[in-house]
Amino acid sequence: MKLHDLCIPLDYRMRLTCCVIGNPEPKVHWLKNGIEITPDMGYRQINDFGICVLEIPRASHSDSGEFTCIANNVHGQDRTTAQLTVKGKAKPSPTEPTFTRSILNMKGYCGDSITMDCTVIGWPTPNVTWLKDNGPIILDDRIETEVASGGTYRLTIKEARAEDSGVYKCVAQNPLGKDQITASVKIMGENE
């Protein structure tokens, strides 16, 4: 039995298997991209009654390459080769939400635009909610939220009013936990 080219998903347990017959029993070794595979490379080699197996416990992109099984004894040598391709995108490990950049206390004047940015990490991606004075914020044409790249969340208040002053809180939550940050906003009139 010869090796065959394979395409496997990332993190998949995989076995390359071939059959070796000979008398005396052939010595078997494996190569990856022309270099002999050694025990410290993380592969498991099994040679049991002529069935030769190279096992990859959890395939990563670095495992992609050309694998060769070589059998030899006093009568000669034989080899079989296969191309292994590992495809897919790694999923991050589950983590609770954590803010890596906080919102800042802000002061502004009536009519100004106020923007608060924060960055949160976590997997699964956290649900993010903005609050003002511990109550929900009513979004409209003047007050809006935005999700930017890299886990950045933004709250923008256009044409700020005195009643926009208060304590703003950003809450990030996923099944593993919750994190929150706060900042105060003070909107002053023209005479202040």
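## Overall picture

Of this protein's 192 residues, 38% count as buried, where buried means under 20% relative accessible area, exposed over 50% and partly exposed in between (1.4 Å probe, protein chains only). The model is predicted, so local features need pLDDT of at least 70 and side-chain atom pairs count only at pLDDT 80 or more, while totals for chains, interfaces and linings use all residues. Residues are numbered from 1 along each chain as its sequence is written, and side-chain values use heavy atoms, with hydrogens and water left out.

The protein has zero helices and 17 strands; helices (H or I, at least four residues) and strands (E, at least two) are DSSP runs, numbered from the N terminus. Its radius of gyration is 30 Å, well over the 16 Å that the globule rule gives for 192 residues, so the protein is more spread out than a compact globule. That radius is taken over C-alpha atoms, and the globule rule is 2.2 Å times the number of residues to the power 0.38. Along the principal axes, the C-alpha atoms fill a box of roughly 100 × 25 × 25 Å. Among contacts with a separation of 6 or more, 61% are between residues 24 or more positions apart, a contact being heavy atoms within 4.5 Å.

## A five-stranded sheet

Five strands form an open sheet in the order S1-S8-S7-S3-S4, with mixed pairing. At its edges are strand S1 (6-9) and strand S4 (35-36), each of which pairs on one side only. Two strands pair if DSSP finds at least two bridges between them.

Strand S3 (residues 27-32) pairs with S7 in the antiparallel sense over six bridges. If you want to find this pairing on screen, Lys 27 has Asn 72 in S7 as its bridge partner.

The largest pocket holds about 220 Å³ of space. Its lining has 18 residues, and Cys 19, Val 20, Ile 21, Ala 71 and Asp 78 lie nearest the centre. Strand S2 (14-19), strand S7 (65-73) and strand S8 (76-87) are the elements that give two or more residues to this lining. On a 1 Å grid over the protein atoms alone, a pocket is an open set of points where a 1.4 Å probe fits, with protein on both sides within 12 Å along at least five of seven lines; lining residues have an atom within 4 Å of a point. Grid points are joined across faces, edges and corners, and a volume is the space filled by probe spheres set on the points.

The second largest pocket holds about 150 Å³. Residues lining it include Trp 130, Pro 136, Glu 146 and Tyr 153. S12 gives the most to this lining, with four residues.

## Backbone details worth a look

Most residues other than glycine have a negative phi, and most peptide bonds are trans. Two cis peptide bonds can be found here. One joins Asn 23 and Pro 24, with omega about 0°, and Pro 24 sits in the loop between S2 and S3. Another joins Trp 123 and Pro 124, again with omega about 0°; Pro 124 is in the loop between strand S11 (114-123) and S12.

Asn 33, in the loop between S3 and S4, is not a glycine but has a positive phi of about 50°. Asn 33 counts as partly exposed, at 46% relative accessibility. Phe 49 also has a positive phi of about 50° without being a glycine. This residue lies in the loop between strand S5 (44-48) and strand S6 (51-56), and at 83% relative accessibility Phe 49 counts as exposed.
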